[in-house]
Amino acid sequence: MTVVSELPTETDVVIVGGGLAGLAAARRLHRAGTPWLLVEAAERLGGRVGTDAVDGYLIDRGFQVVNTGYPRLSALVDLTSLGLGYFTQGVLVRRGDTLHRMVHPLRDPFGAARTVLTGLADAAGVGRLGNASAGMGGSGSGAVGLGGSGNASTGEDGDRGTGGRLAEVRRISSVGRAGDRLRLAALAARCASYPVDRLLAAPETSTEAALRRAGLSDRIVEELLRPFLSGVFGERELRTSSHVLAMIVRSFARGRIGLPAAGIAALPEALAAPLPESLIALGVSATSLRPGLVNTSAGAVRCRAVLVATDPVTATALLPPLGRVRMHALTTYYHSTAEPPLDEPILLLDGDRRELVANTVVVSRAAPTYAPPGRHLVATSVAGPLVPPEPVVRTELARLYGRPVDDWEHLTTVGVPEALPAAPAPQGRLRKPVAPREGIFVAGDHRGSPSVQGALASGWRAAGAIIGFLHG
Ligand SMILES: Cc1cc2nc3c(=O)[nH]c(=O)nc-3n(C[C@H](O)[C@H](O)[C@H](O)COP(=O)(O)OP(=O)(O)OC[C@H]3O[C@@H](n4cnc5c(N)ncnc54)[C@H](O)[C@@H]3O)c2cc1C
């Protein structure tokens, strides 16, 4: 793609913004043979989805993942072409001196809150958790279905056989209360199997209230779900709509999460690949618009329809009737280490209610291309507007991983104050109008669920509305 200084003066559709929503719209217009032009203010496509290659590391612009359960994503991108490295299905939860493995609720509902030996490395050696790649690519049952009895002392996890040393004394305990794992499995099964229409017809409330309504205990909410979901929603209060929760649970239950070998930026690149470069103008900012005309930093373009596919804050500035969209912040701390604290690509959550770190993960365990040979990349996410100083996060990391981290190198901190649009109830059917005015259309994650799926689906939907407007 090139940065352009001259634009055509006329086309059918001007798409403002080359994030996922704008690209999905371009794909649909292109398929329909509708003339279009995309103007993107930045000098690259992807918007909030980007990667910087720095000294052999791939630093995504905030830790985010590809979820293969997103239907619009798999319809638009051949996910096998991304060389995805997958994360283990399930999470580890730090509670006091113990790490608990929460297996994927649908893979093993009875074991969902089982404590098993973990793959923690101690300060000097590496304790192996079976096969670090067990959760990659296949059913995921190898890594998440470890142990049959839940008895940490049985050694059924396969750890003892490797001779790896374990840093921690473990005891039999669990996250949450008896019954939580089955309720969690039931929630995941409902979200995975019910038709979307039925899920979105359910009475809508906050995520917090929905979790209580599902019978989940205070303990499982505080120890597992709040930290996990805060990293997904960018807010700890769990005010996000229960309809958004249902869609997120559905995608986690139906798909797997992973990272492209070339970094998360491979996603917009794959979306843009079938589009002609000549119709994409980088480094061109729309400054104002009205039906039939878009003024940009490179001149005015006349058109029959405009699609505003910018970030939510700019969309409101260009189209004030949309109303203000509140945004949630996410901050990612990137550290490099020679000795990875885990030998498995699994998310580690803070179950100790300290409310600082949402999750931390050795990303190079999932996608080794994220770090140069001999090094590992650890990404740690913090949700919300407060950005703790790195030394504070480092102290938390030592506690979470149960080992000293003094020798870790802090590579960078990526703060995204406007990471995700707030989506409190009511969000209805997660299909906010995409045609606010005659000849003006809008797309972006603020028109659907605050996610990659929401952005793509809204772009696709808006392009459909434009085609109807132009030809109907
Ligand atoms: C740190 C972080 C982690 C995330 N994690 C996940 C995750 O794990 N899973 C998930 O599903 N989602 C995640 N998301 C959310 C996901 O990235 C977004 O929902 C999605 O990328 C939004 O796409 P968009 O096209 O709606 O908007 P944007 O990506 O904001 O794209 C808008 C584009 O418009 C351009 N633009 C703005 N103003 C103008 C103008 N005046 N003229 C021309 N162009 C303009 C911008 O430069 C940008 O390229 C995460 C987001 C962040 C920031």
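Reply: This is a predicted model, in which local features need pLDDT of at least 70 and side-chain atom pairs count only at pLDDT 80 or more, while totals for chains, interfaces and linings use all residues. Residues are numbered from 1 along each chain as its sequence is written.

Me: Which residue of strand 9 does Gly85 stand opposite?

Reply: Strands here are DSSP runs of E with at least two residues, numbered from the N terminus. Strand 6 and strand 9 (residues 257–259) are antiparallel and joined by two bridges; two strands pair if DSSP finds at least two bridges between them. The residue opposite Gly85 is Leu259.

Me: What is the strand order of the open sheet of three strands?

Reply: Strand 5 (66–67) and strand 6 (85–86) are edge strands, each pairing on one side only. The pairing is antiparallel, and the order is 5-9-6.

Me: Over which residues does pLDDT stay under 50?

Reply: pLDDT is the predictor's confidence in each residue, from 0 to 100. The protein has a mean of 87, with 85% of its residues at 70 or more. Where pLDDT is low, the predicted coordinates should not be read in detail. The stretch under 50 is residues 112–173.

Me: How many residues of domain 2 are in contact with domain 1?

Reply: An automatic or database assignment sets the domain bounds, giving domain 1 (13–48 + 265–325 + 428–471) and domain 2 (51–264 + 327–421). Contact means that C-beta atoms, placed from the backbone, lie within 7 Å. Domain 1 contributes 23 residues, and domain 2 contributes 26.

Note on methods: Two residues are in contact if their C-beta atoms, placed from the backbone, lie within 7 Å. Helices (H or I, at least four residues) and strands (E, at least two) are DSSP runs, numbered from the N terminus.
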